[in-house]
Amino acid sequence: MAMIKLYHAPRTRSIRILWLLEELGLPYQLATVAFRPPRHSFEQDTPAGKFPVIEDDGLVMFESGAILEYLIEKYGKGLLAPAAGSPERGPYLQWIHFAEATAMPPVNDITRHTLLLPEAERIPKVAEDARVRATNVLNVVERALAGKDYLVGHELSGADIMMGYFLMAARMLGVVGSAHANVGAYWERLAARPPLQKALSTH
Ligand SMILES: N[C@@H](CCC(=O)N[C@@H](CS)C(=O)NCC(=O)O)C(=O)O
């Protein structure tokens with residue numbers, strides 16, 4: 001098996017892939033690259049200008065959700081994903097796509113308009129609106145977790161890895177509040193996993 005190479009920068013979405021590689025116990029080579037706050041986008045020193053990027057047997061891939069699905073399919077041996085066509089497969093795909101299509105955009109807006117952009121270019125109203133949208137996402141997750149330990153089925157799946165990064169970012173930005181008790185307990189459950197701890201402490 002060819003060694004998977006992951007381009008990683010701490011605190012970025014490459015945490016998802018590092019976490020996944022650790023959960024699956026796969027051998028990998030890490031290329032740690034310094035994150036440069038982007039003025040626009042695709043400006044990072046990786047083969048696709050973004051984090052994460054992987055190289056696997058000559059294939060170069062970007063988009064964390066696609067990388068996650070690809071690695072689970074190719075190397076997961078049935079772990080971390082319900083079988084294709086099973087009733088749980090729908091919600092699994094739903095959360096994977098929800099994470100980047102709906103949950104992360106407000107986090108991106110808050111980050112850009114409070115931290116990344118030069119101060120003169122930040123628009124407070126954009127950050128304010130994004131906080132409302134991020135809170136609405138958290139409300140959806142809060143309801144989905146009622147009486148459940150994980151988003152899909154009874155064990156960790158790729159859906160939790162995708163949404164876990166959103167939660168990490170939302171917590172850092174101060175969006176997770178006392179109204180989100182299920183989300184808080186869920187985060188503690190995820191954070192207790194050694195593979196996530198390893199991913200978070202890798203620099
Ligand atoms: N939807 C993409 C987003 C990738 C992305 O924007 N990553 C950020 C780091 S978390 C990045 O590389 N930002 C720098 C830039 O946009 O140039 C994914 O899930 O991989």
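Predicted model: local features only at pLDDT ≥ 70, side-chain atom pairs only at ≥ 80, totals over all residues.
1. **Two domains.** The protein chain falls into domain 1, covering 4–81, and domain 2, covering 89–193. Taken over C-alpha atoms, the centres of domain 1 and domain 2 are 19 Å apart. To the contact between them, domain 1 brings 14 residues and domain 2 brings 12 residues.

2. **The side of domain 1 that touches domain 2.** Which elements give two or more residues to this side? They are α1 and α2, the latter spanning 64–75. With 5 residues, α2 gives the most to this side of domain 1. Sorted by class, the side of domain 1 that touches domain 2 holds 9 nonpolar, 2 polar and 3 charged residues.

3. **The sheet.** Next, have a look at the strands. There are 4 of them in an open sheet, in the order β2-β1-β3-β4, and the pairing is mixed. The edges are taken by β2 (28–32) and β4, each with a single partner strand, so one side of each has no neighbour in the sheet. From one strand to the next, the twist averages 20°.

4. **β1 beside β3.** Strand β1 is made of residues 4–8 and strand β3 of residues 53–56, and the two pair in the antiparallel sense over 3 bridges. To find this pairing on the model, look for L6, which stands opposite I54 in β3.

5. **β3 beside β4.** Strand β4 (residues 59–62) runs antiparallel to β3, and 4 bridges join the two. I54 has M61 of β4 as its bridge partner, while D56 is partnered by L59 in β4.

6. Where does helix α1 lie? Helix α1, residues 14–24, lies across β1, β2 and β3, and runs at about 145° to β1.

7. **The largest nonpolar core.** This core has 54 residues, and those touching the most other members are L68, W95, A99, M162, M163, F166 and A170. Which helix gives the most to this core? Helix α5 (residues 158–172) does, with 10 residues. At least three residues come from each of domain 1 and domain 2.

8. **A closer look at F166.** Leaving aside neighbours within four places in sequence, F166 is in contact with A99, A103, M104 and V107. A99 and F166 are both listed with the core residues that touch the most other members.

9. G25 sits in the loop between α1 and β2. Is this glycine buried or exposed? It counts as exposed, because 9 other C-beta atoms lie within 10 Å and a residue with 12 or fewer is classed as exposed. G25 and L68 are 43 residues apart in sequence, and their C-alpha atoms are 14 Å apart in space.

10. **The loop between β2 and β3.** Two backbone details are worth a check here. In general, most residues other than glycine have a negative phi, and most peptide bonds are trans. F42, which lies in this loop, has a positive phi near 55°. F42 is exposed, with 10 other C-beta atoms within 10 Å. P52 is also placed in the loop between β2 and β3, and the peptide bond from F51 to P52 is cis, with omega near -5°.

11. The last stop is the loop between α2 and α3 (89–116), where K77 is found. Phi of K77 is positive too, near 50°. Why does K77 count as exposed? K77 has 8 C-beta neighbours inside 10 Å, and the class of exposed residues takes in those with 12 or fewer.

Terms used
Residues numbered from 1 in each chain as written. Pairing = 2+ DSSP bridges. Axes fitted to C-alpha atoms, helices over the stretch in contact; angles between N-to-C directions. Contact = placed C-beta atoms within 7 Å. Core = buried A, V, L, I, M, F, W, Y, C linked by C-beta atoms within 7 Å. Buried ≥ 20, exposed ≤ 12 C-beta atoms within 10 Å, placed from the backbone. Domains from an automatic or database assignment. Nonpolar A, V, L, I, M, F, W, Y, C, P; charged D, E, K, R; others polar.
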